[in-house]
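Me: I would like to go through the terms used for this model one at a time. For each, please say how the value leads to the label.

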Amino acid sequence: MHYSHIIASGAYLPERIMHNSELENLVETTDEWIRSRTGIRQRHIAREDETTSDMACNASLRAIDMAGIKPDSIDLIIVATSTPDLIYPSTACLLQKKLGLRNGSAAFDVQAVCSGFIYALSIADRFIRTGETRCALVIGADMNSRILDWTDRSTCVLFGDGAGAVILGSSAEPGIYRTLLHADGSYSDYLKVPSGVSGPTGEPFIRMRGNEVFKFAVQKMDEIVDETLDDSGLTKTDIDWLVPHQANQRIIAATVKKLGISMDDVILTVAEHGNTSAASIPLALDVGIRDGRIKRGDVILMEAVGGGFTWGSALLRY
Ligand code: UT7
């Protein structure tokens with residue numbers, strides 16, 4: 001029986017930091033409103049000449065370095081993103097080229113917005129469980145600054161750019177106990193970028209019914225805690241770390257209450273990163289691993305909600 005486990009992580013955040021005070025000059029908002037409604041203090045914004053695959057490459061190189069593996073041993077690359085460099089080739093193929101990998105590894109993108117990393121991790125886990133893949137590079141990367149309407153205060157204060165990566169290997173013990181994936185496309189109008197190729201070609205900006213998204217997120221993140229633990233052989237008290245999608249500190253606080261844990265058991269990066277969509281969970285994971293809080297053997301619950309709506313979770317031992 002094969003299981004997958006996280007061998008290493010890596011992260012990349014663009015150098016430029018945009019504080020809330022800077023947004024006060026762009027739209028009618030205040031640092032106080034943003035902090036109190038979301039927990040966000042700042043976000044990172046990519047340079048004009050940076051792309052999502054550049055960010056993914058930087059995060060991947062750090063993960064490969066931590067893993068101490070030969071890049072050639074990677075036989076699957078999955079990039080979760082909603083902000084690809086191009087319509088095609090996929091960001092994963094562009095990343096493969098930037099990494100100089102010519103070993104024929106499979107490479108593709110997954111699009112599940114803020115749940116994208118959970119989706120990508122779940123797919124990679126299944127590839128490894130079948131024995132088809134031995135070493136997977138799984139990335140969440142998003143350049144939200146390119147799809148923000150910088151005159152819309154209800155969205156532009158919320159998002160940031162970044163990339164996070166993990167290397168998944170094969171093991172005899174879990175590793176990943178289980179992943180759950182869900183979607184309900186009837187909510188497609190609640191959070192969207194209403195511009196595309198075969199559909200409307202309007203302004204490519206994030207449009208969100210924030211309050212309704214908020215309520216849905218709180219409800220689903222609450223439900224998925226029990227669903228994830230059911231039949232897993234683990235209970236709430238086994239969870240050492242919650243590594244949630246970082247959209248809003250108040251949504252995370254609701255999950256913390258449900259789990260009966262303390263905010264000290266959460267890797268919280270929303271204040272520094274804002275909402276980085278698919279990147280937020282692997283970015284937070286990397287922070288927790290590198291600062292020494294997450295240790296080998298710790299049990300981690302990851303969960304996310306995103307446009308679609310999509311939502312999902314992963315329960316794993318690091
Ligand atoms: O990552 C995918 C999932 N995304 C999320 O999970 C985001 C979910 N939504 C949220 O985090 C919250 O709904 C927001 C932070 C977006 C908004 O917080 P809220 O408590 O739901 O506020 P609201 O939308 O009900 O708006 C309250 C008021 C409104 O004014 P009125 O109509 O009451 O006069 C807004 O116009 O706050 C106003 N407002 C702002 N005021 C100052 C909205 N954005 C801003 C702003 N600065 N940036």
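Reply: Helices here are DSSP runs of H or I with at least four residues, strands are runs of E with at least two, and both are numbered from the N terminus. The model is predicted, so local features need pLDDT of at least 70 and side-chain atom pairs count only at pLDDT 80 or more, while totals for chains, interfaces and linings use all residues. Residues are numbered from 1 along each chain as its sequence is written, and side-chain values use heavy atoms, with hydrogens and water left out.

Me: What makes Arg35 and Asp31 a salt bridge?

Reply: The term requires a side-chain nitrogen of Lys or Arg within 4 Å of a carboxyl oxygen of Asp or Glu. The closest N and O atoms of Arg35 and Asp31 are 3.0 Å apart, so the pair meets the rule. Side chains of opposite charge can pair when their charged atoms come close. By this rule the count comes to 17 salt bridges.

Me: Why is Arg35 called partly exposed?

Reply: Buried means under 20% relative accessible area, exposed means over 50%, and partly exposed is in between, with a 1.4 Å probe and protein chains only. Arg35 has 41%, so it is partly exposed.

Me: Which parts of the chain does the salt bridge of Asp152 with Arg207 link?

Reply: Asp152 and Arg207 form a salt bridge with closest N and O atoms 3.5 Å apart. The pair links distant parts of the chain, 55 residues apart: Asp152 is in the loop between strand 6 (135–143) and helix 6 (153–156), and Arg207 is in strand 10 (residues 207–208). Asp152 has 18%, so it counts as buried, whereas Arg207 has 28% and is partly exposed. Both belong to a network of salt bridges that also includes Asp149 and Glu203.

Me: Why are Ile87, Tyr88 and Val197 called a patch?

Reply: A patch is made of residues with over 30% relative accessible area and no salt bridge; like charges are joined within 9 Å, and nonpolar side chains (Val, Leu, Ile, Met, Phe, Trp, Tyr) within 5 Å. Ile87, Tyr88 and Val197 form a nonpolar patch on the surface, with about 440 Å² of accessible area together. Areas come from the Shrake-Rupley method with a 1.4 Å probe, and for residues only the protein chains shown count as cover. Ile87 has 69%, so it is exposed. Ile87 lies in the loop between strand 4 (76–80) and helix 4 (91–98).

Me: What is the form of the peptide bond from Tyr88 to Pro89?

Reply: That bond is cis, with omega near 0°, and Pro89 is in the loop between strand 4 and helix 4. The bond from Pro174 to Gly175 is also cis, with omega near 25°.

Me: What makes Thr276 buried, and which residues does Thr276 touch?

Reply: Thr276 has 0% relative accessibility, so it counts as buried. Thr276 lies in the loop between helix 9 (270–273) and helix 10. Contact means heavy atoms within 4.5 Å. Leaving aside residues up to four places away in sequence, Thr276 touches Asp142, Asn144, Gly160, Asp161, Gly162 and Leu283.
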